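Biologist: Please take me through the packing and the charged pairs of this chain, one question at a time.

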Amino acid sequence: MEPHDAPAYPVGLRLAGRRVVVVGGGQVAQRRLPALVSAGADIVLVSPSATPSVEAMAAAGELRWERRAYASGDLEGAWYALVASTDGAANAAASAEAEARRVWCVRSDDAEAATAWTPATGRTDGVTVAVLTGRDPRRSAAVRDAVVAGLRDGSLVAPQHRMRTAGVALVGGGPGDPDLITVRGRRLLAEADVVIADRLGPRDLLDELPPHVEVIDAAKIPYGRAMAQEAINAALIEHARAGRAVVRLKGGDPYVFGRGMEEAEALAEAGIPVTVVPGISSSISVPGAVGIPVTHRGVAHEFTVVSGHLAPDDPRSLVDWSALARLRGTLVLLMAVERIGAIAATLIAGGRAADTLVAVVQEGTTAAQRRVDATLATVAARVAAEEVRPPAVVVVGDVVGVGRGAAGGRG
């Protein structure tokens, strides 16, 4: 086999504190230098000029810049060299010096003359993906992107084993559409041993889990005389203490009417490591899915998210409904379908116009999504007539009339 036909031998260089020489300060160096800086290399840049970004790195002390052309001897003591100047003769001379000193050398203008190649590299959650496909850099980049994307969204399942520590991740699953969970949330689901899921979490994601994952319906955890939330907390602690990676999958965002902080506090008191992964709240995403912006220039400069799980006259309610009635912006009501009549009447009594537009969106972002339009005066009757059931988001305000006919929906 000819030397140029032999495959490259992949290796990870540990360059922290070790001398690396970069010849040339142009676009190639600009692309390659950040990774060398992240690796902790002791970088010497030899170049008469540099791009503004490379200059900024030098000014920040991330590398030492010798503003001159390459000279013989520059690679003395180097562990690695990147030769990327616009001077072909200088590149050839630096490459020859690297060969003589047995310094691994990447050469941007002549890959065949180099002794090392730079792979297409991507990083996610402590994993470095490096791809070499010989003389096809575009294919290398495409393969790299596919692998990194798969690791990030959980479609390429590669659970951790050595470094993984047991604990609980409170993951916001978003409003219902499985595509609207965050990349990090999906990856943690793919690595879980146990998933304790809410009814409002994205159920379709559970079907994608490996067969060994134990899926627990939070609503069916037996709790006897204890409160349901206390029983959920106890289950989270029990599984984490058994050395399992636990995901608490919640609808929307864990901290938006999701009781996520109660769980986080219970876990912290038990000494269990907790990771909180924010989710897309239904308070914004569900209106958006049917074409309603919660704010709009010249229409609404504010939006207020309110829980409607307690009626306005309930002594346990913490909501100042009279103050809300005086606001001019958008009101977004969650868990309010069953008490929408009392809420609407209270808002009208507090000064909100009876003909204020209202939209009720049931099961937003899912295949069962539907929108019912009304006003404060008619919303209770419309909800009853249309048999609207939870989960639903109620939007009150002029924004309901914005963008009628504009793009909206699940796609």
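**Charged pairs and packing**

Modeller: In this predicted model, Glu 263 and Arg 248 form a salt bridge whose closest N and O atoms are 3.0 Å apart. Glu 263 belongs to helix α7 (residues 260-269) and Arg 248 to strand β11 (residues 245-250), so that the pair links distant parts of the chain, 15 residues apart.

Biologist: What is the N to O distance in the salt bridge of Glu 191 and Arg 187?

Modeller: Arg 187 is one of the buried residues of α5, a helix spanning residues 183-190. Glu 191 is buried, as is Arg 187. A salt bridge requires a nitrogen within 4 Å of a carboxyl oxygen, and this pair meets at 3.9 Å.

Biologist: How many salt bridges does the count come to?

Modeller: Side chains of opposite charge can pair when their charged atoms come close. Under the 4 Å rule, the count comes to 16.

Biologist: Turning to nonpolar packing, which element supplies the largest share of the largest nonpolar core?

Modeller: This core has 23 residues, and Leu 333, Leu 347, Val 360 and Val 379 touch the most other members. The elements that each supply at least two of its residues include α9 (321-326), β14 (330-334), α10 (340-349) and α11 (379-385). The largest share is 4 residues, and it comes from α10.

Biologist: Which residues does Val 379 contact, leaving aside its neighbours within four places in sequence?

Modeller: Val 379 is among the core members that touch the most others. With those sequence neighbours set aside, Val 379 is in contact with Ile 340, Ala 344, Val 358, Val 360 and Ala 374.

Biologist: Which residue of β14 is the bridge partner of Thr 304?

Modeller: Of the 5 residues of β14, 5 are buried, so the strand is largely enclosed by the rest of the structure. Thr 330, Val 332 and Leu 334 point one way, and Leu 331 and Leu 333 the other way. β13 and β14 pair in the parallel sense over 5 bridges, and the partner of Thr 304 is Leu 331.

Biologist: Which strands are included in what covers the buried residues of α8?

Modeller: Helix α8 (residues 282-289) has 6 of its 8 residues buried, so it is largely enclosed by the rest of the structure. Those buried residues are Ser 282, Ser 283, Ser 285, Val 286, Pro 287 and Ala 289. Their cover includes β13 (303-307), β14, β15 and β17.

Biologist: What is the area of the nonpolar surface patch that contains Leu 13?

Modeller: Leu 13 is found in the segment before β1 (19-23). Its relative accessibility is 41%, so Leu 13 counts as partly exposed. Together with Tyr 9 and Val 11, Leu 13 makes a nonpolar surface patch of about 370 Å².

Key:
Residues are numbered from 1 along each chain as its sequence is written. This is a predicted model: local features need pLDDT of at least 70, side-chain atom pairs count only at pLDDT 80 or more; totals for chains, interfaces and linings use all residues. Side-chain values use heavy atoms; hydrogens and water are left out. A nonpolar core is a set of buried Ala, Val, Leu, Ile, Met, Phe, Trp, Tyr and Cys residues joined through side-chain atoms within 4.5 Å. Buried means under 20% relative accessible area, exposed over 50%, partly exposed in between (1.4 Å probe, protein chains only). Contact means heavy atoms within 4.5 Å. Patches are made of residues with over 30% relative accessible area and no salt bridge: like charges are joined within 9 Å, nonpolar side chains (Val, Leu, Ile, Met, Phe, Trp, Tyr) within 5 Å. Accessible areas come from the Shrake-Rupley method with a 1.4 Å probe; for residues, only the protein chains shown count as cover. A salt bridge is a side-chain nitrogen of Lys or Arg within 4 Å of a carboxyl oxygen of Asp or Glu. Two strands pair if DSSP finds at least two bridges between them.
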